[in-house]
Amino acid sequence: PSRRPLWCDRLVGMGETPESLKAAANALFKEHKYAKAVEAYSRALEVSPNNAVLLSNRAFAHVRLENYGSAIADASSAVESDPNYIKAYYRRGTSQYALGHLADALKDFKTVCRMQPQDRDGRLKLKECENALRKKRFEEAIAAPEDELVKISDTVDVDAMVIDSTYDGAHLGDDKVITQAFVEDMIARFKDQKTLAFKYAFEILMQSKAILEALPTLVDVPVPEGTHFTVCGDVHGQFFDMCNIFDLNGHPSASNPYLFNGDFVDRGSYSTEVIMTLLAYKCMDPSCVHLVRGNHETAAMNKMYGFDGEVKAKYSVKLADLFQEVFQYLPLAIVLGTKVFVVHGGLFSRDGVTLDDLRKIDRFHEPPDSGEFCEMLWSDPGPMPGRQPSKRGVGVAFGADVTKKFLELNNLELVVRSHEVKDEGFEVDHDGKLITVFSAPNYCDQMGNKGAFIRFESDMTPHFTQFEAVPHPPSRPMQYASNSHMFQ
């Protein structure tokens, strides 16, 4: 009979049995330390390869990390190992749903319901998949050709809108100029959980549309001698934590400019407050806030992760549709001080991509499923050289050699990206040539991570500030997502 490798015997001999390793991994999962849980499940799988329970548990940790590609791979291996292990179908179905692979998700939840007809959660998820797929097919059937579409902004008449006489916030003058006083009053309203007058919400978006649409896809931002510049990562609707950044580092102004590197919205339930504040600052002084599009500034993600529902709940369907148009005008990257390439996701599936190539991208639409536009929103750095399949199922994982080649080709020194939660709020990788910055502390009220931002002086040396989460009113993450049960 075949025998296990000696290294497995040594692990077991040290008291590390599959069950003890699984228990340790489960404890990390319960503490919301999902990345460490993935490592612990991987260690257990070295001792007990093809264990369906361990594979499914690791898939669940990947789901929590939004690494849906890896979750699908693990869950599929679990199904292959034990076709009767129902949790594997759950994990794979959830991940397929998250990636918009609705037909594949439907198959998995049909299997769940066939195996356990009385499983209420499985039936709920099956119904959600059926409804989402039916809606998608209906929308595709009635969709007009792109050249016949009417822009939402063309149907908006802000002048015809009337402000209710009971509105107690600051008012814009006849010139419609958004002033610092107006922005400060708006932020105070948001902290008191009040909304903005609908007329002013539309005014901010229409002014933002005009500003953003005029920008190139790749924006060059100088950092002159004696000045500084602050870069923030994902905020994800955590309005009170964003306000804490301003308390720590000063509010945006011409002399204190910021770059917010995508994923302003979704997950957190104060996403409208975050994006309204950033756009209002952009309208007040376009030089004080720079914005880059993230993978969550897209229609599919907003429908799934709460922002679309939040705008409709707090404002209107038409404003939600206008946000989708405005998001399409956001630049995809910024070169800071001629040395630092700032992008939400990462680099590319091919060598030889130049800054001029990026400048030529037509960004005024929803991102495709592949190519440079997609990869700028979705890719991640990886530990291996070259390129590997993405753990997310979208984009690519790129190694330090890819980063080095891109920087050398384009006469740059550093890549700054966001897109991934980091325990310390930031991480320096790829031999110091790549930084990930994430500015949503205690992400989703459960991850326990710090937030961070980067301050560059004119020599473009990065200086990091870390911060903890601050209290916020009792609104749970994804409160406005009708499908939040899909990810539980």
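Helices (H or I, at least four residues) and strands (E, at least two) are DSSP runs, numbered from the N terminus. The model described here is predicted: local features need pLDDT of at least 70, side-chain atom pairs count only at pLDDT 80 or more, and totals for chains, interfaces and linings use all residues. Residues are numbered from 1 along each chain as its sequence is written, and side-chain values use heavy atoms, with hydrogens and water left out.

Asp308 lies in helix α14 (residues 307–314). Leaving aside residues up to four places away in sequence, Asp308 is in contact (heavy atoms within 4.5 Å) with Asn302, Lys303 and Ala320.

Helices α6 and α8 pack with their axes (lines fitted to C-alpha atoms over the stretch in contact) 12 Å apart. The angle is about 25° (on a scale from 0 to 180 degrees between N-to-C directions), and the two helices are therefore roughly parallel (under 35 degrees). The contact involves these residues:

| Helix | Range | Contact residues |
|---|---|---|
| α6 | residues 86–98 | Tyr90, Thr94, Tyr97 |
| α8 | residues 120–142 | Asp121, Gly122, Lys125, Glu128, Cys129, Ala132 |

An open sheet of three strands has the order β7-β9-β8, with mixed pairing (strands pair if DSSP finds at least two bridges between them). β7 (380–381) and β8 (387–389) are at the edges, each with a single partner strand, so one side of each has no neighbour in the sheet. β8 runs antiparallel to β9 (residues 396–398), and three bridges join the two. Arg387 is opposite Phe398 in β9.

Terms used. Parallel < 35°, antiparallel > 145°, perpendicular 65-115°, else oblique.
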